[in-house]
Amino acid sequence: MSTPLTIPCPHCGALNRVPAARVGEHPNCGRCRQALFDGHPVELTTANFDTIAGRGDLPVLVDFWAPWCGPCVGFAPVFVRAARQFEPRLRLAKLDTEAQPQLAQRFGIRSIPTLVLFRQGREIARQSGALNAAQLQQFVQAALARP
C-alpha cells in the first residue's frame with residue numbers, strides 16, 4: 001500500500017486522501033464525487049486559495065494574471081496545455097489579480113504574468129513573464145528538483 005496524499009478538491013474544497021500509487025487513476029472527490037483532476041487549471045479566489053495551494057500534498061503552480069494583460073492572454077493556452085501534461089503530479093491554478101487584488105498584494109505580485117510554485121503552502125519558486133511550453137517545463141522541473 002502506498003502512502004496516501006492529501007488532495008484538496010478543486011470543486012468543493014474537501015480534503016481527499018488518495019494512495020500515491022492511485023493518483024494517476026482519475027480519482028474522484030469523496031464528498032462531491034467530481035474529478036480531482038480534469039486537465040484544466042483551477043480558478044483561485046480568496047475563498048479557496050489557502051485550501052488549494054496550502055493544504056494539499058501536491059505542489060501547486062499558480063499563474064497570477066489579469067484579463068487586460070496581453071502577455072497573460074497569450075500565455076493562457078500554454079498554461080492550459082501544461083495542466084494536462086503535469087496533472088496529477090502537480091496542480092495548476094490561475095489567479096486573476098484584477099478580481100483578487102488582496103491575494104496579489106499578499107504575495108507581492110508586481111508584474112504579470114508571474115508564476116509561483118507552492119509546496120504545502122510555502123513558495124518554493126517564482127518566475128515573471130510569459131514562457132513558451134519548453135521554458136515552462138524547464139522551470140517546473142528545476143523548481144521541483146529543489147529540496
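In these legends, a residue is called buried when its relative accessible area is under 20%, exposed when that area is over 50%, and partly exposed in between, as found with a 1.4 Å probe on protein chains only. The model is predicted, and local features need a pLDDT of at least 70, side-chain atom pairs count only at pLDDT 80 or more, and totals for chains, interfaces and linings use all residues. Residues are numbered from 1 along each chain as its sequence is written, and side-chain values use heavy atoms, with hydrogens and water left out.

**View 1. A salt bridge joins the side chains of Lys-94 and Asp-63.** A salt bridge here is a side-chain nitrogen of Lys or Arg within 4 Å of a carboxyl oxygen of Asp or Glu, and in this pair the N to O distance is 2.6 Å. The two residues lie 31 places apart and link distant parts of the chain, with Lys-94 in strand β5 and Asp-63 in strand β4 (residues 60–65). Helices (H or I, at least four residues) and strands (E, at least two) are DSSP runs, numbered from the N terminus. Lys-94 counts as buried because its relative accessible area is 8%, and Asp-63 is likewise buried, at 0%.

**View 2. Arg-106 and Asp-50 meet through their side chains in a salt bridge.** The N to O distance is 2.8 Å, and the pair links distant parts of the chain, since Arg-106 belongs to helix α3 and Asp-50 to helix α1, 56 residues apart. Arg-106 is partly exposed, with a relative accessibility of 47%, and Asp-50 is also partly exposed, with a value of 41%. A search of the whole structure finds four salt bridges.

**View 3. Glu-25 and Arg-22 form a salt bridge between their side chains.** Here the N to O distance is 3.0 Å. Glu-25 is partly exposed at 46% relative accessibility, and Arg-22 is partly exposed at 47%.

**View 4. Leu-115 sits among the residues with the most contacts inside the largest nonpolar core.** A nonpolar core is a set of buried Ala, Val, Leu, Ile, Met, Phe, Trp, Tyr and Cys residues joined through side-chain atoms within 4.5 Å. This core has 17 residues, and Leu-61, Leu-92 and Leu-136 are also among those with the most contacts inside it. At least two core residues are supplied by each of α2 (70–86), β6 (114–119) and α4 (133–145), and the largest share, six residues, comes from α2. A second, separate core of 16 residues includes Val-42, Leu-44, Ile-109 and Val-116. In soluble globular proteins, nonpolar side chains tend to be buried together.

**View 5. Thr-97 lies in the loop between β5 (91–96) and α3 (101–106).** Thr-97 counts as buried because its relative accessibility is 14%. Contact means heavy atoms within 4.5 Å, and, not counting residues up to four places away in sequence, Thr-97 touches Phe-64, Trp-65, Ala-66, Ala-104, Ile-109 and Ile-112. Pro-67 is 30 residues from Thr-97 in sequence, and their C-alpha atoms are 8.8 Å apart in space.

**View 6. Thr-51 is placed in helix α1 (residues 49–54).** With a relative accessible area of 19%, Thr-51 is buried. Once its neighbours within four places in sequence are left aside, Thr-51 is in contact with Pro-8, Gly-13, Leu-15 and Gly-56.
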